[in-house]
Number of protein chains: 2
Amino acid sequence: MRMFLISALLGCGLCLGQSADDCKPSSLNIPGAPYPCVYPDRRVAFRVAAPDAQKVQVRLGGPHEMTKGPDGLWTVTIPPQVVGFHYYTIVVDGAVVADPAARTFFGGGWDNSAIEVPEPDVDYYSAEDVPHGEVRQRWYFSKVTEKWRRCFVYTPPEYDANPANRYPVLYLLHGWGENEQGWTSQGHVEFIMDNLIAAKKSKPMIIVMDNLNAVKPGEDASLYAARSIIARRSMADVPPPPGTRPAPGAARVGFPANWGETFTQMMFADLIPMVERTYRVLPGRENRAMAGLSMGGAQTFKTALNNLDIFAYLGGFSGSCGGRDATFDPKTSCDGAFADPAEFNKKVKVLFLGIGSVEGPGTKNFSDALAKAGIHNVYFESPGTAHEWLTWRRCLNDFAPRLFQTSTGSGS
Amino acid sequence: MRMFLISALLGCGLCLGQSADDCKPSSLNIPGAPYPCVYPDRRVAFRVAAPDAQKVQVRLGGPHEMTKGPDGLWTVTIPPQVVGFHYYTIVVDGAVVADPAARTFFGGGWDNSAIEVPEPDVDYYSAEDVPHGEVRQRWYFSKVTEKWRRCFVYTPPEYDANPANRYPVLYLLHGWGENEQGWTSQGHVEFIMDNLIAAKKSKPMIIVMDNLNAVKPGEDASLYAARSIIARRSMADVPPPPGTRPAPGAARVGFPANWGETFTQMMFADLIPMVERTYRVLPGRENRAMAGLSMGGAQTFKTALNNLDIFAYLGGFSGSCGGRDATFDPKTSCDGAFADPAEFNKKVKVLFLGIGSVEGPGTKNFSDALAKAGIHNVYFESPGTAHEWLTWRRCLNDFAPRLFQTSTGSGS
């Protein structure tokens, strides 16, 4: 702790002139890279080699100016960050790029860098000494999009050992600008489920993670294309896609009215049939759940609320059909899905609304409005986290144990 | 084709001022990114946004200087490239980074960018309308390294449908600076095998892809750490690791004498037992093969030549225990593994040596020297390719059909 005191007295020169022993390399660094590193007080130190550059920044939240040392290395230590998984970028003389010292993760439509500010004293998303399931890469052809698609399928630890057993299925979606790898690479879905199942907190289940990007031939793919400011700076002749803020202060471009419809069609025509043909799943709506984060939560509500004969469990993690404004009308909002509370409550076993406490009151207000209208729902708030993966890991950890508890299938 | 003529007449200004229709975005680009793109003559055009930079280069082979346009976008079209998968980097005022417009691939110890210059008229490594197997992510604990490790396991299309069948196993390694994802992300192992199995050219088999990085607690990990010049420029206080050329012209740092031994120990103590406990494998040496590319080929020969009671098939793709110089002595080289040709030929069903034709004559010379000493071996040369993934896809495509043809197991 003395290091902090000295650092505070001398500024950042000392703490960055050496790799201070108490600054631990982020778990997401490339092998052997000492930076970025995280101090016990959650300050983060970065280092970038850019010997001929005039100006180098780290962008994590706002921009943080780096300082050039005599060795051509630029350094900065930024203030304490909240725990969790944070995407960040490096800007070298105006070029917005990933930090070569960190692993990359597909988010914002490109492979950018990330750090993990560790959540203390938790092991629910770590590899523990418990039986481990698998995440399986599965290719299948979609008649709707006329393309080969890839999804990932989590199978529980016992799956291969019990070839007569069948399992319920959770369809689990990523957020905007991410892909079918997000729930494993960023979310650690496999460790969360292995640990829950080992502790007998959760039923063994299959989890299918597909890609929101689903367009028919000739359809506009820009909703799912590289839309971030980072990517578009290298794509000057690509028009700003819907749903984005093209420049600071500019109006948000609206989503097309029919967004998500092709995914829903693809899911029913191609994905679910492939899953039920390929894996040992339990049949029927009470053995199917759908959830997603952010845009994937919005897609979940779009797909499942209109198809309650298919799904009995719904989860929106920082995304649903409500919460963006206060004009919820139980009779008409969300395509009128909540117009008949008694019928809805009979059909939907769990309606889960999760959010990070830093994300604002919208989801809590939506949950309260639903409750006031007589719609049973579970509100889950992740303390101290924002619109990022730690919120969603916690959401899954709370949501999964609620699933399939009334299932009459042969899952052990 | 008129575009080429005009381009040739006017230089690159025109062909880069617009996205010429005949310049096809690389299949490895992020969704929606028009650059980098590949012309029919295999020239490649790049574009990078770096509005305030003084100097921007593409490094693919040698450096290629980019030119800044009035829009702050830097562009260059580089001469025709050989077909295949090429790692490349962008240098912005001395900062060596990945191109934000391309997907990243773990190679050289970090996540750098890559393009695919397509091989014409081939489909052996594409998703085709055939039954598809899975690539499964498998976590397991290593007693040797005292760490959780991840491997990927290819299971053939029929694996789940025939729960009584058992299959032979190929252990398949990546190269230096890559990891257990290489054979799927860069190599397309799953499509190569699906297509071979569907055509009945190859036996259905399990393929286990692990990570060469295996160190015991306290052991020097630098052999496997981020060693590339790119990464080390951000790691100035990290000593140059063995096996690298620290700076142009400097002497190559030697590998430690015991390199690879921990991997071999880990493989026999942890990996193979886990695989044989977890998957339905056929027992015995005639149902086990080992192969690898580059450093993974060297590791294969190090591990398997001394353990011919465990493996009956060996493959070195641009890497083995020979071929680096002309001093092969059948009695003593490769730890004397070839001293008794009759015994060797009886034990080893296939000894496969693959290489790209551009990589030089070393492997051919090694194959000839082995043959002269009476050691049966298969020499495979990939026409027109260098030390990169297209060579190794072709190697696997030629090697896999040779495996397990004498197997007496229940694999169909």
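Let me start with one residue: A:Ser333 is buried, with a relative accessible area of 16%. Buried here means under 20% relative accessible area, exposed means over 50%, and partly exposed is in between, using a 1.4 Å probe and protein chains only.

Before going on, some ground rules. This is a predicted model, in which local features need pLDDT of at least 70 and side-chain atom pairs count only at pLDDT 80 or more, while totals for chains, interfaces and linings use all residues; side-chain values use heavy atoms, with hydrogens and water left out. Residues are numbered from 1 along each chain as its sequence is written, and chains are lettered from A and ligands numbered from 1 in the order in which they are written.

Back to A:Ser333. Where does A:Ser333 lie in chain A? The residue is in the loop between strand E17 (313–317) and helix H8 (341–347). Helices (H or I, at least four residues) and strands (E, at least two) are DSSP runs, numbered from the N terminus. Apart from neighbours within four places in sequence, A:Ser333 is in contact with A:Thr327 and A:Phe328. Contact means heavy atoms within 4.5 Å.

Now chain A as a whole. Its secondary structure comes to 10 helices and 19 strands. The chain has 412 residues, and buried ones make up 59% of them. Take the contacts in chain A with a separation of 6 or more: residues 24 or more positions apart account for 68% of those.

Next, the two copies. What rotation superposes chain A on chain B? A rotation of 180° does, with 0.0 Å of shift along its axis and an RMSD of 0.0 Å. That is the relation of a two-fold axis. In chain A, the C-alpha nearest the axis belongs to A:Arg136, at 2.1 Å from it. Both copies use the same surface, in that 98% of the contact residues of chain A recur in chain B.

A:Thr155 sits in strand E13 (residues 147–155) of chain A, and it is buried, at 1% relative accessible area. Leaving out neighbours within four places in sequence, its contacts are A:Gly133, A:Glu134, A:Arg136 and A:Tyr279. A:Thr155 and A:Ile207 are 52 residues apart in sequence, and their C-alpha atoms are 6.9 Å apart in space.

On to a pair of helices. Two packed helices are described by the angle between their axes and the distance between the axes. In chain A, the axes of helix H4 (residues 189–198) and helix H10 (residues 389–399) come within 10 Å and cross at roughly 30°. That makes H4(A) roughly parallel to H10(A). On the terms: axes are lines fitted to C-alpha atoms, for helices over the stretch in contact, and angles run from 0 to 180 degrees between N-to-C directions. Angles under 35 degrees count as roughly parallel, over 145 as roughly antiparallel, 65 to 115 as roughly perpendicular and the rest as oblique.

Which residues meet there? From H4(A) they are A:Val189, A:Ile192 and A:Leu196, and from H10(A) they are A:Arg393, A:Leu396 and A:Asn397. The residues of this contact divide into four nonpolar, one polar and one charged. Nonpolar covers Ala, Val, Leu, Ile, Met, Phe, Trp, Tyr, Cys and Pro; charged covers Asp, Glu, Lys and Arg; the others, Gly among them, are polar. Nine of the 11 residues of H10(A) are buried, so this helix is largely enclosed by the rest of the structure. Among the buried ones are A:Trp389, A:Trp392 and A:Phe399.

Last, some backbone geometry. Most residues other than glycine have a negative phi, and most peptide bonds are trans. A cis peptide bond joins A:Tyr35 and A:Pro36, with omega about -5°. A:Pro36 is in the loop between strand E1 (24–25) and strand E2 (37–38) of chain A. In chain B, B:Tyr35 and B:Pro36 are also joined by a cis bond, with omega about -5°.

B:Asp93 is not a glycine, yet its phi is positive, about 45°. The residue is in the loop between strand E8 (84–92) and strand E9 (95–97) of chain B, and is buried at 2%. B:His188 has a positive phi near 55°; it is in the loop between helix H3 (182–185) and helix H4 (189–198) of chain B, and is buried at 18%.

Technical notes. Copies are superposed by least squares on the C-alpha atoms of residues with pLDDT of at least 70 in both.
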